[in-house]
Amino acid sequence: MMNYSTNEMMTVAAARRLGNDSVCFVGIGLPSKAANLARLTHAPDVVLIYESGPIGAKPSVLPLSIGDGELAETADTVVPTGEIFRYWLQGGRIDVGFLGAAQVDKYGNINTTVIGDYHQPKVRLPGAGGAPEIAGSAKKVLIILKQSHRTFVDKLAFITSVGHGEGGDHRRQLGLPGAGPVAIITDLCIMEPEAGTNEFVVTSLHPGVTREQVIENTGWAIRFTDKVAVTEAPNETELTALRELEARTAAAHGQAGGEE
Amino acid sequence: MAEILTLREAVQRFVNDGDTLALEGFTHLIPSAAAHEIIRQGRKDLTLVRMTPDLVYDLLIGAGCAKKLIFSWGGNPGVGSLHRLRDAVEKGWPQPLEIEEHSHADLANAYVAGASGLPFAVLRAYAGSDLPKVNPLIRSVTCPFTGEVLAAVPSVRPDVTVIHAQKADRKGNVLIQGILGVQKEAALAARRCIVTVEEIVDDLKAPMNACVLPTWALSAVCPVPGGAHPSYAHGYYERDNRFYQDWDPIARSREGFTAWIDAFIRGTADFSAFQEKMGQARLAAQEAE
């Protein structure tokens, strides 16, 4: 058994959720790292689409920006950004939207816009990017972010991208296609929406993580499913592929990719 | 027909105070040299449109050229915040900046609508999002056939668009390759369009179906080698990731930022003088290390 970090556990656990036969719309940063790890391990045929235009990108190193040249060079085709959103996403061809977030709430809604009042912001975040329509139109959504009581909050200052809205069948009432977020993968655990309420509950703890740690690092009264699993630790193949990907990225860019 | 001009002359003739201006290029081919020239010529009260403001609009905002920003993702890619954008939004420096915020899908559709000569774009978007609450221009329209309620947003129709491309021929026909973003749409949505290019060639040798903007759809073509730095020009040079990192401390303080643009932009005659000065500064920094 190799030693591994909690960040490595998070990336590996997220990568495992991406099937070989899926078409994935990839966000920059942690989602891109996990999606490419999946492609380099169990899912060699996964189709990665980036909002800048590459379809079927197969980068050897992680992109620093959403439009790095290697994404275009290794893609099956490169289309205009308008077409990505119009034909491929809104047209219903995306199986999995893979997103990061600044903050999430218990229904998997995402804030990437602002902390505090919109017009008198405490912290101005980058904003929506492609996320609102990815969250709306992908057949399902995976969310990856590090867990703390500042990122997992009871009430979002701003809903940039909708998950399950106010819970229950609110998402369906909004008329949104797709199942919405099906998992939130963190450095501590995996959360999935509870049947009926669609409130995210812990379904798997990463090895060595206690319930108390999860509770301390969640801004709402987090609940646990009846039989909480223990996430399988990263195996040698996964860790080697991840570390080599990060080493190649650091060598190519002079900085690590994707810790945004 | 596009005229082949220097960038200085093109900005003098086609970019006016108070214009709605789009500098497009999605991570790739960002027209940085044009932003520098707009700062040198001291344009004011611009309404800036761009999906990802990036360093080019951090520059224009910090230099006091902008009164309004229309955008959909405002970060320094792979690094963090755009400090001049944040300072303008959070503290009103150097002047208050009105923001009009959209999503990428929305703005991309709005450019398509603008290029199509339509007044608005329609898309399936924003259900459950708070963005329509803070942007009154995001409205809805009911499909007359199915009854589905869809988002409607005004088209983007800039007074002037500036893009950067790999090459033009001597007539001013422009070839763009690699990641295209919304450049073609932004060019065709605008009343006037300036294209800066890496080089002017005798023959574009454009493959069939390549993205070519015909000269008669453009106002001016300006040879500016390296003009997309610190972004990249596919086939010419790579993204200068180091500069994106270096930008963070430069833009973090008002004083540091102002000193930088005074020295490197207002203190240089044109983009090639800027490049020379940057090269010297980097060499000196390397020797000091």
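In which sense, parallel or antiparallel, do E1(A) and strand E5 (residues 96-99) of chain A pair, and over how many bridges? In this predicted model, E1(A) and E5(A) pair in the parallel sense, and three bridges connect them. Within this pairing, A:Phe25 has A:Gly97 of E5(A) as its bridge partner. Strand E1 (residues 23-26) of chain A is also joined by three bridges to strand E2 (residues 47-49) of chain A, and these strands run parallel; here the bridge partner of A:Phe25 is A:Ile49. Together with helix H2 (residues 30-40) of chain A, E1(A) and E2(A) form a β-α-β unit that is right-handed.

In chain B, strand E2 (residues 20-23) pairs with strand E3 (residues 46-49) in the parallel sense over three bridges, and B:Thr20 of this pairing stands opposite B:Thr47 in E3(B). Between E2(B) and E3(B) the chain passes through helix H2 (residues 32-40) of chain B, in a β-α-β crossover that is right-handed. E3(B) pairs in turn with strand E4 (residues 66-71) of chain B, in the parallel sense and over four bridges, with B:Val49 opposite B:Ile70 in E4(B).

A right-handed β-α-β unit is likewise made by E3(B), H3(B) and E4(B). Nine of the nine residues of helix H3 (residues 54-62) of chain B are buried, so this helix is largely enclosed by the rest of the structure; among them are B:Leu55, B:Val56, B:Tyr57 and B:Ile61, as well as B:Asp54 and B:Asp58. Just after H3(B), B:Gly64 adopts a positive phi of about 80°.

Definitions and conventions. Residues are numbered from 1 along each chain as its sequence is written. Chains are lettered from A and ligands numbered from 1 in the order in which they are written. This is a predicted model: local features need pLDDT of at least 70, side-chain atom pairs count only at pLDDT 80 or more; totals for chains, interfaces and linings use all residues. A residue is buried if 20 or more other C-beta atoms lie within 10 Å of its own, exposed if 12 or fewer, and partly exposed in between; C-beta atoms are placed from the backbone. Helices (H or I, at least four residues) and strands (E, at least two) are DSSP runs, numbered from the N terminus. Two strands pair if DSSP finds at least two bridges between them. A crossover is right-handed if, with the strands pointing away from the viewer, the path from the first strand over the helix to the second runs clockwise.
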